[in-house]
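I opened this model to look up its folds, cores and surface. My notes follow the structure itself.

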Amino acid sequence: MKAAQPKGGRARPPTLLLNPYFEWVQATRFAYYGDAQWLPVLMELQGKLNRRAITAYSFAQWVLAMQARGAGREGWADNLRIPACHAVPGAPCGMNTPFIALLVHRKCLSQVYAGIVLRDMVRRFELGRAVAPSHAAPATQLQAPAPWPGIPPEVVTGVIDDGIGFAHDRLFSNDGTTRIEYFWDQEQPSTVWGQWGYGTEFTKRHPVDGIDQRLTNSRYGPWVDEDE
């Protein structure tokens, strides 16, 4: 499939991967997004920034710095909204990954795809469902996340499901404790933790209601009562 060349713009960068879905979205004039102007986007970045391999964190800091200086020549930066999780030092989802989730004004996204802005810095992107821009925190509200003590530097995997059997023995470590560090139950009443405002978080190491303590309280000999 050959991408259409933008009118009055530059050709789509050869390093930007073709996105048939976005071309369909443009052809239908964003009909399935209604009046939404801000679109949730997952971008894969590429290249270097300040002579170092670009990451979600360095990109976020770069964009926020341009926003702080005002529009002017780099006014496209005002068409991006950077979530707090990418923009604070030590953020686990920003320091060492080229992937960044953000909100982009749809006219700016068309410019990215046409090679007018962020040329050669974006390798590809995927669109999500339309949301309001309030989901992205302003730069003045950014706060460093709480440290994650005791987590080993191995691979951390996130799972989204309608349930989690953390009492299943295949989710145990060799010492019989859980391999699950955090469990966010979105059906439980809110504990007003973090920035989410709903759901309840259970952690591995909490001394009272942590996952390991729950397993200990429900263990009978070599067996754990999973229902309990």
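These entries go from the overall counts to the sheets, the cores and the surface.

I am working with a predicted model, where local features need pLDDT of at least 70, side-chain atom pairs count only at pLDDT 80 or more, and totals for chains, interfaces and linings use all residues. Residues are numbered from 1 along each chain as its sequence is written, and side-chain values use heavy atoms, with hydrogens and water left out.

**Overall counts.** I found five helices and ten strands in the protein. They are DSSP runs, numbered from the N terminus: helices are H or I with at least four residues, strands are E with at least two. The protein has 228 residues, and 35% of them count as buried. Buried means under 20% relative accessible area, exposed means over 50%, and partly exposed lies in between (1.4 Å probe, protein chains only). I then checked contacts, meaning heavy atoms within 4.5 Å. Of those with a separation of 6 or more, 61% join residues 24 or more positions apart.

**Four-stranded sheet.** I traced an open sheet in the order S4-S5-S1-S6, with antiparallel pairing. Its edge strands are S4 and S6, each pairing on one side only. Strands count as paired if DSSP finds at least two bridges between them. S4 and S5 run antiparallel and are joined by two bridges. Arg 81 has Leu 103 in S5 as its bridge partner.

**Helix H4.** How much of H4 is buried? Seven of its nine residues (106-114) are, so the helix is largely enclosed by the rest of the structure. The buried ones are Arg 106, Cys 108, Leu 109, Ser 110, Val 112, Tyr 113 and Ala 114. They pack against helix H1 (20-27) and strands S1 (38-45), S4 (80-81), S5 (99-105) and S6 (122-127). After H4 comes Gly 115, with a positive phi near 80°.

**Cores.** I looked for nonpolar cores: sets of buried Ala, Val, Leu, Ile, Met, Phe, Trp, Tyr and Cys residues joined through side-chain atoms within 4.5 Å. The largest has 35 residues, and Met 43, Phe 59, Ile 100, Leu 109 and Phe 125 have the most contacts inside it. H1, S1, helix H2 (56-69), S5, H4 and S6 each supply at least two residues of this core. H2 gives the most, with six residues. Another core lies apart from it, with nine residues, among them Phe 166, Phe 172, Ile 180 and Phe 183. I also listed the neighbours of Met 43; leaving out residues up to four places away in sequence, they include Ile 100, Leu 109, Val 122 and Phe 125.

Tyr 182 stands opposite Thr 203, and Asp 185 has Thr 200 as its bridge partner. In S8, Thr 200 and Phe 202 form the covered face, and Glu 201 and Thr 203 the uncovered one.

**Surface.** The protein exposes about 14900 Å², and carbon and sulfur atoms supply 53% of it. I note that accessible areas come from the Shrake-Rupley method with a 1.4 Å probe, and for residues only the protein chains shown count as cover. Tyr 21 is in helix H1. At 38% relative accessibility, Tyr 21 counts as partly exposed.
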